[in-house]
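The following report describes one protein chain for a reader who is new to structural analysis. Please keep the sequence and the structure in view while reading.

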Amino acid sequence: MRQVSDRSVTRSADLLLNDESEPARRQVSQQGAGYRPSDLQEVLNVVGDVLLSPQAPDMAGYVAGNVYRRLEKRGSVREASATDLTPPEHLQRALANVAASLPRFAAIKESLFNVAERLTWRRGRGGPFASLNFEMAHAHAVIVGPGGMEERSDVRLGLTLMAPYSRFPDHVQFHSRVFMLLSDGEVCLDDSNWFRATAGTIFFNEAGRKFAMRCTAEPLLAIWCHVEDASL
(Lines give C-alpha, C1' and ligand atoms only; values in the text may rest on other atoms or scores of the structure.)
Protein backbone atom coordinates (compact mmCIF):
# COMPACT_ATOMS: atom_id res chain seq x y z
CA MET A 1 0.00 0.00 0.00
CA ARG A 2 1.34 3.39 -0.99
CA GLN A 3 2.31 5.51 2.00
CA VAL A 4 0.94 8.99 2.66
CA SER A 5 4.52 10.22 3.05
CA ASP A 6 4.86 10.14 -0.78
CA ARG A 7 5.71 13.80 -1.44
CA SER A 8 4.44 13.59 -5.03
CA VAL A 9 0.94 13.67 -3.54
CA THR A 10 -0.21 16.89 -1.88
CA ARG A 11 -3.02 17.41 0.62
CA SER A 12 -4.40 20.28 -1.44
CA ALA A 13 -5.11 17.91 -4.35
CA ASP A 14 -7.46 15.83 -2.19
CA LEU A 15 -10.91 17.40 -2.43
CA LEU A 16 -12.16 15.57 0.66
CA LEU A 17 -9.61 17.46 2.77
CA ASN A 18 -11.08 20.96 2.72
CA ASP A 19 -9.59 22.16 6.00
CA GLU A 20 -6.33 23.85 5.01
CA SER A 21 -7.00 26.63 7.53
CA GLU A 22 -6.93 24.02 10.33
CA PRO A 23 -4.67 21.24 9.04
CA ALA A 24 -5.13 17.72 10.35
CA ARG A 25 -1.53 17.57 11.58
CA ARG A 26 -2.53 19.86 14.48
CA GLN A 27 -2.50 17.66 17.55
CA VAL A 28 -5.85 17.37 19.29
CA SER A 29 -5.85 16.85 23.03
CA GLN A 30 -7.49 13.66 24.22
CA GLN A 31 -8.28 15.21 27.61
CA GLY A 32 -11.82 14.53 28.66
CA ALA A 33 -11.89 11.40 26.53
CA GLY A 34 -14.25 8.75 27.75
CA TYR A 35 -17.61 10.25 26.81
CA ARG A 36 -19.15 9.46 23.43
CA PRO A 37 -22.82 10.26 22.68
CA SER A 38 -24.92 7.12 22.35
CA ASP A 39 -26.17 8.13 18.88
CA LEU A 40 -22.61 8.50 17.65
CA GLN A 41 -21.49 5.22 19.22
CA GLU A 42 -24.43 3.39 17.63
CA VAL A 43 -23.59 4.74 14.17
CA LEU A 44 -19.91 3.86 14.59
CA ASN A 45 -20.84 0.34 15.69
CA VAL A 46 -23.01 -0.35 12.65
CA VAL A 47 -20.54 1.21 10.20
CA GLY A 48 -17.71 -0.79 11.78
CA ASP A 49 -19.67 -4.04 11.61
CA VAL A 50 -20.03 -3.54 7.85
CA LEU A 51 -16.51 -2.28 7.08
CA LEU A 52 -14.89 -5.05 9.14
CA SER A 53 -17.10 -7.84 7.81
CA PRO A 54 -15.70 -10.69 5.68
CA GLN A 55 -17.56 -9.22 2.69
CA ALA A 56 -15.35 -6.11 2.68
CA PRO A 57 -12.37 -6.14 0.26
CA ASP A 58 -9.09 -7.05 1.96
CA MET A 59 -7.43 -3.61 1.77
CA ALA A 60 -10.64 -1.87 2.79
CA GLY A 61 -10.87 -4.10 5.84
CA TYR A 62 -7.20 -3.47 6.64
CA VAL A 63 -7.55 0.34 6.61
CA ALA A 64 -10.89 0.24 8.43
CA GLY A 65 -9.32 -2.03 11.05
CA ASN A 66 -6.58 0.52 11.67
CA VAL A 67 -9.17 3.28 12.01
CA TYR A 68 -11.35 1.34 14.44
CA ARG A 69 -8.38 0.24 16.52
CA ARG A 70 -7.69 3.91 17.18
CA LEU A 71 -11.36 4.61 17.86
CA GLU A 72 -11.18 2.37 20.90
CA LYS A 73 -9.70 5.46 22.56
CA ARG A 74 -12.30 8.19 22.50
CA GLY A 75 -11.70 11.80 21.54
CA SER A 76 -13.32 14.97 22.80
CA VAL A 77 -16.94 15.80 21.97
CA ARG A 78 -17.16 19.04 20.01
CA GLU A 79 -20.02 21.39 20.72
CA ALA A 80 -21.88 22.82 17.74
CA SER A 81 -20.95 26.36 16.75
CA ALA A 82 -23.35 29.14 15.83
CA THR A 83 -21.37 29.58 12.59
CA ASP A 84 -21.85 25.96 11.45
CA LEU A 85 -23.74 25.48 8.19
CA THR A 86 -27.22 24.08 8.49
CA PRO A 87 -27.64 20.52 7.18
CA PRO A 88 -27.51 20.67 3.38
CA GLU A 89 -30.40 20.24 1.00
CA HIS A 90 -31.13 16.60 0.09
CA LEU A 91 -29.78 15.29 3.41
CA GLN A 92 -33.11 14.05 4.74
CA ARG A 93 -33.96 12.46 1.41
CA ALA A 94 -30.58 10.72 1.28
CA LEU A 95 -30.86 9.42 4.85
CA ALA A 96 -34.40 8.16 4.22
CA ASN A 97 -33.06 6.25 1.19
CA VAL A 98 -30.31 4.73 3.37
CA ALA A 99 -32.81 3.49 5.93
CA ALA A 100 -35.01 2.03 3.17
CA SER A 101 -32.24 0.21 1.30
CA LEU A 102 -29.84 -0.99 4.03
CA PRO A 103 -31.51 -3.07 6.78
CA ARG A 104 -28.64 -2.58 9.23
CA PHE A 105 -28.97 1.18 8.93
CA ALA A 106 -32.75 1.11 9.19
CA ALA A 107 -32.29 -0.04 12.80
CA ILE A 108 -30.31 3.13 13.59
CA LYS A 109 -32.35 5.54 11.47
CA GLU A 110 -32.96 7.97 14.34
CA SER A 111 -29.30 7.92 15.46
CA LEU A 112 -28.12 8.45 11.90
CA PHE A 113 -30.39 11.47 11.52
CA ASN A 114 -29.31 12.91 14.89
CA VAL A 115 -25.60 12.55 14.12
CA ALA A 116 -25.87 13.94 10.57
CA GLU A 117 -27.77 17.00 11.76
CA ARG A 118 -25.13 17.78 14.42
CA LEU A 119 -22.21 17.75 12.00
CA THR A 120 -20.38 20.73 10.54
CA TRP A 121 -21.09 20.62 6.81
CA ARG A 122 -18.66 22.29 4.43
CA ARG A 123 -18.63 22.86 0.71
CA GLY A 124 -15.45 21.90 -1.11
CA ARG A 125 -13.89 22.97 -4.40
CA GLY A 126 -14.80 21.96 -7.91
CA GLY A 127 -12.35 20.50 -10.40
CA PRO A 128 -11.89 18.67 -13.71
CA PHE A 129 -15.08 17.20 -15.20
CA ALA A 130 -17.26 18.31 -12.27
CA SER A 131 -20.95 18.77 -12.93
CA LEU A 132 -22.37 22.25 -13.40
CA ASN A 133 -22.49 24.31 -10.19
CA PHE A 134 -20.87 21.45 -8.29
CA GLU A 135 -19.57 23.71 -5.52
CA MET A 136 -23.18 24.37 -4.44
CA ALA A 137 -24.42 20.83 -5.12
CA HIS A 138 -22.39 18.92 -2.55
CA ALA A 139 -21.15 19.05 1.04
CA HIS A 140 -18.73 17.17 3.30
CA ALA A 141 -18.81 16.59 7.04
CA VAL A 142 -16.42 14.91 9.46
CA ILE A 143 -18.03 12.57 11.98
CA VAL A 144 -14.84 11.80 13.91
CA GLY A 145 -11.59 13.59 13.18
CA PRO A 146 -10.39 17.19 12.83
CA GLY A 147 -13.43 19.43 13.19
CA GLY A 148 -15.70 16.44 13.69
CA MET A 149 -18.45 15.74 16.16
CA GLU A 150 -15.69 13.85 18.01
CA GLU A 151 -12.56 15.96 17.71
CA ARG A 152 -9.30 14.05 17.20
CA SER A 153 -6.22 14.13 14.96
CA ASP A 154 -5.40 10.44 14.42
CA VAL A 155 -8.24 9.33 12.13
CA ARG A 156 -10.96 10.82 9.99
CA LEU A 157 -14.37 9.31 9.28
CA GLY A 158 -16.66 11.48 7.22
CA LEU A 159 -19.69 11.82 4.97
CA THR A 160 -20.04 13.23 1.48
CA LEU A 161 -23.44 14.24 0.13
CA MET A 162 -24.10 15.04 -3.54
CA ALA A 163 -27.27 16.42 -5.08
CA PRO A 164 -29.03 14.43 -7.81
CA TYR A 165 -27.31 14.46 -11.21
CA SER A 166 -23.97 15.53 -9.74
CA ARG A 167 -20.49 14.41 -10.70
CA PHE A 168 -17.56 14.68 -8.29
CA PRO A 169 -14.45 16.07 -10.00
CA ASP A 170 -11.50 13.88 -10.84
CA HIS A 171 -8.89 14.37 -8.14
CA VAL A 172 -5.92 12.61 -6.54
CA GLN A 173 -6.34 11.28 -3.02
CA PHE A 174 -3.71 12.05 -0.39
CA HIS A 175 -4.65 9.19 1.96
CA SER A 176 -5.39 5.55 1.32
CA ARG A 177 -9.11 5.61 1.97
CA VAL A 178 -12.08 3.29 2.39
CA PHE A 179 -15.50 4.20 1.02
CA MET A 180 -18.92 2.74 1.60
CA LEU A 181 -21.76 4.02 -0.55
CA LEU A 182 -24.96 4.57 1.41
CA SER A 183 -26.88 5.05 -1.83
CA ASP A 184 -26.62 3.87 -5.42
CA GLY A 185 -24.04 5.58 -7.61
CA GLU A 186 -21.16 5.15 -10.03
CA VAL A 187 -17.45 5.24 -9.22
CA CYS A 188 -14.23 5.65 -11.20
CA LEU A 189 -10.90 4.66 -9.61
CA ASP A 190 -7.53 5.69 -11.09
CA ASP A 191 -8.75 6.27 -14.67
CA SER A 192 -10.36 2.84 -14.88
CA ASN A 193 -13.83 2.31 -16.33
CA TRP A 194 -16.78 3.59 -14.33
CA PHE A 195 -18.57 0.89 -12.37
CA ARG A 196 -22.08 0.92 -10.98
CA ALA A 197 -22.31 0.44 -7.22
CA THR A 198 -25.36 -0.16 -5.06
CA ALA A 199 -25.97 1.02 -1.51
CA GLY A 200 -23.67 -0.91 0.81
CA THR A 201 -20.82 -1.30 -1.71
CA ILE A 202 -17.38 -0.99 -0.09
CA PHE A 203 -14.24 -0.12 -2.02
CA PHE A 204 -10.66 1.02 -1.39
CA ASN A 205 -8.64 3.71 -3.15
CA GLU A 206 -4.89 3.92 -2.61
CA ALA A 207 -3.07 7.17 -1.85
CA GLY A 208 -1.84 8.89 -5.00
CA ARG A 209 -4.60 7.53 -7.23
CA LYS A 210 -7.45 9.37 -8.88
CA PHE A 211 -11.02 9.16 -7.71
CA ALA A 212 -14.41 10.34 -8.92
CA MET A 213 -18.07 9.43 -8.38
CA ARG A 214 -21.46 10.46 -9.74
CA CYS A 215 -25.19 9.93 -9.28
CA THR A 216 -28.43 10.32 -11.20
CA ALA A 217 -31.99 10.90 -9.95
CA GLU A 218 -31.31 10.30 -6.25
CA PRO A 219 -28.74 12.07 -4.05
CA LEU A 220 -25.51 10.23 -3.36
CA LEU A 221 -24.34 9.72 0.21
CA ALA A 222 -21.01 8.08 0.98
CA ILE A 223 -19.15 7.39 4.21
CA TRP A 224 -15.36 7.18 4.12
CA CYS A 225 -12.44 6.83 6.51
CA HIS A 226 -8.66 6.93 6.65
CA VAL A 227 -5.81 7.14 9.13
CA GLU A 228 -4.26 10.59 9.52
CA ASP A 229 -0.51 11.02 9.72
CA ALA A 230 0.13 13.83 12.21
CA SER A 231 3.84 13.94 11.29
CA LEU A 232 3.12 15.46 7.86
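How many helices and strands does the protein chain have? The protein chain has five helices and 12 strands. Helices (H or I, at least four residues) and strands (E, at least two) are DSSP runs, numbered from the N terminus.

This is a predicted model, in which local features need pLDDT of at least 70 and side-chain atom pairs count only at pLDDT 80 or more, while totals for chains, interfaces and linings use all residues. Residues are numbered from 1 along each chain as its sequence is written, and side-chain values use heavy atoms, with hydrogens and water left out.

The predictor's confidence in each residue is expressed as pLDDT, from 0 to 100. For the protein chain the mean pLDDT is 87, and 85% of its residues reach 70 or more. A contact here means heavy atoms within 4.5 Å.

Of the 232 residues of the protein chain, 54% count as buried. Buried means under 20% relative accessible area, exposed means over 50%, and partly exposed lies in between (1.4 Å probe, protein chains only). Among contacts between residues at least 6 apart in sequence, 74% join residues at least 24 apart.

## Nonpolar cores

A nonpolar core is a set of buried Ala, Val, Leu, Ile, Met, Phe, Trp, Tyr and Cys residues joined through side-chain atoms within 4.5 Å. The largest such core has 45 residues, and those with the most contacts inside it are Phe105, Trp121, Ile143, Met180 and Leu182. Helix α1 (residues 38-51) supplies the largest share of this core, namely seven residues. A second, separate core has 17 residues, among them Leu16, Leu189, Leu220 and Trp224.

## Helix packing around α5

Helix α5 (residues 109-117) packs with helix α3 (residues 91-101) and also with α1. Axes are lines fitted to C-alpha atoms, for helices over the stretch in contact, and angles run from 0 to 180 degrees between N-to-C directions.

| Helix pair | Angle | Distance between axes |
|---|---|---|
| α3 and α5 | about 155 degrees | 10 Å |
| α1 and α5 | about 115 degrees | 9 Å |

Angles under 35 degrees count as roughly parallel, over 145 as roughly antiparallel, 65 to 115 as roughly perpendicular and the rest as oblique. The helices α3 and α5 are therefore roughly antiparallel to each other, whereas α1 and α5 are roughly perpendicular.

A crossing is left-handed if the near helix is turned anticlockwise from the far one by less than a right angle, and right-handed if clockwise. The crossing of α3 and α5 is right-handed. On the α3 side, the contact is made by Leu91, Gln92, Leu95, Ala96, Val98 and Ala99, and on the α5 side by Lys109, Leu112, Phe113, Ala116 and Glu117. The crossing of α1 and α5 is left-handed. This contact joins Asp39, Leu40, Glu42 and Val43 of α1 to Ser111, Leu112, Asn114 and Val115 of α5.

Is Ser111 buried or exposed? Ser111 is buried, because its relative accessible area is 5%. Residues up to four places away in sequence aside, Ser111 touches Asp39, Glu42 and Val43. Lys109, also placed in helix α5, counts as partly exposed at 42% relative accessibility. Lys109 and Leu95 are 14 residues apart in sequence, and their C-alpha atoms are 7.8 Å apart in space.

## Selected loop residues

The loop between β5 (155-162) and β6 (171-172) contains Tyr165, and Pro169 is found in the loop between β5 and β6 as well. Tyr165 is exposed, with a relative accessible area of 59%, whereas Pro169 is buried at 0%. Beyond its neighbours within four places in sequence, Pro169 is in contact with Leu15, Arg125, Gly126, Gly127, Pro128, Ala130, Phe134, Phe211 and Ala212. The C-alpha atoms of Pro169 and Met213 are separated by 7.7 Å, although these residues are 44 apart along the chain.

Tyr165 has a phi near 60 degrees, a positive value in a residue other than glycine. Asp191 likewise is not a glycine and has a positive phi of about 65 degrees. Asp191 lies in the loop between β8 (185-189) and β9 (195-197) and is exposed, with a relative accessible area of 55%.
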